[in-house]
Amino acid sequence: MNLASDRFVAAASLVTESAWLYAVCGIVGLMFGVGGSPLVWLAVLAILSSSLIVGRALNAIIMPIQVAYVTQ
């Protein structure tokens with residue numbers, strides 16, 4: 001997969017995952033009497049985006065297998 005389609009798939013995945021997570025937060029908020037989702041959809045999107053960025057940055061680190069075993 002080329003870089004453009006990889007980014008497109010990642011962006012589409014972030015939007016869909018944040019949409020259903022926002023809906024779940026809204027349901028939980030209604031159950032506890034908040035009156036809706038305690039988080040704004042853009043906040044949920046930002047949280048998921050930051051986790052994707054950190055995950056890809058950590059994935060880019062190349063280390064010998066022995067170092068990976070020691071750090072775990």
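**Exercise 1.** What percentage of the 72 residues in the protein chain is buried?

*Solution.* This is a predicted model, where local features need pLDDT of at least 70, side-chain atom pairs count only at pLDDT 80 or more, and totals for chains, interfaces and linings use all residues. Residues are numbered from 1 along each chain as its sequence is written, and side-chain values use heavy atoms, with hydrogens and water left out.
Step 1: take the cut-offs. Buried means under 20% relative accessible area, exposed over 50%, partly exposed in between (1.4 Å probe, protein chains only).
Step 2: read the share. Buried residues make up 14% of the chain.

**Exercise 2.** Name the secondary structure elements, in order from the N terminus.

*Solution.* Step 1: count them. The chain has three helices and zero strands. Helices (H or I, at least four residues) and strands (E, at least two) are DSSP runs, numbered from the N terminus.
Step 1: order them. The elements run α-α-α.

**Exercise 3.** Which residue forms a salt bridge with arginine 56?

*Solution.* Step 1: apply the rule. A salt bridge needs a side-chain nitrogen of Lys or Arg within 4 Å of a carboxyl oxygen of Asp or Glu.
Step 1: find the partner. Arginine 56 pairs with aspartate 6, and their closest N and O atoms are 3.3 Å apart.
Step 2: Arginine 56 lies in helix α2 (residues 41-59) and aspartate 6 in helix α1, so the pair ties together parts 50 residues apart in sequence.
Step 3: Arginine 56 is partly exposed at 40% relative accessible area. Aspartate 6 is partly exposed too, at 27%.

**Exercise 4.** Is methionine 31 buried or exposed?

*Solution.* Step 1: locate methionine 31. Helix α1 (residues 3-31) contains it.
Step 1: compare. Methionine 31 counts as exposed because its relative accessibility is 64%.
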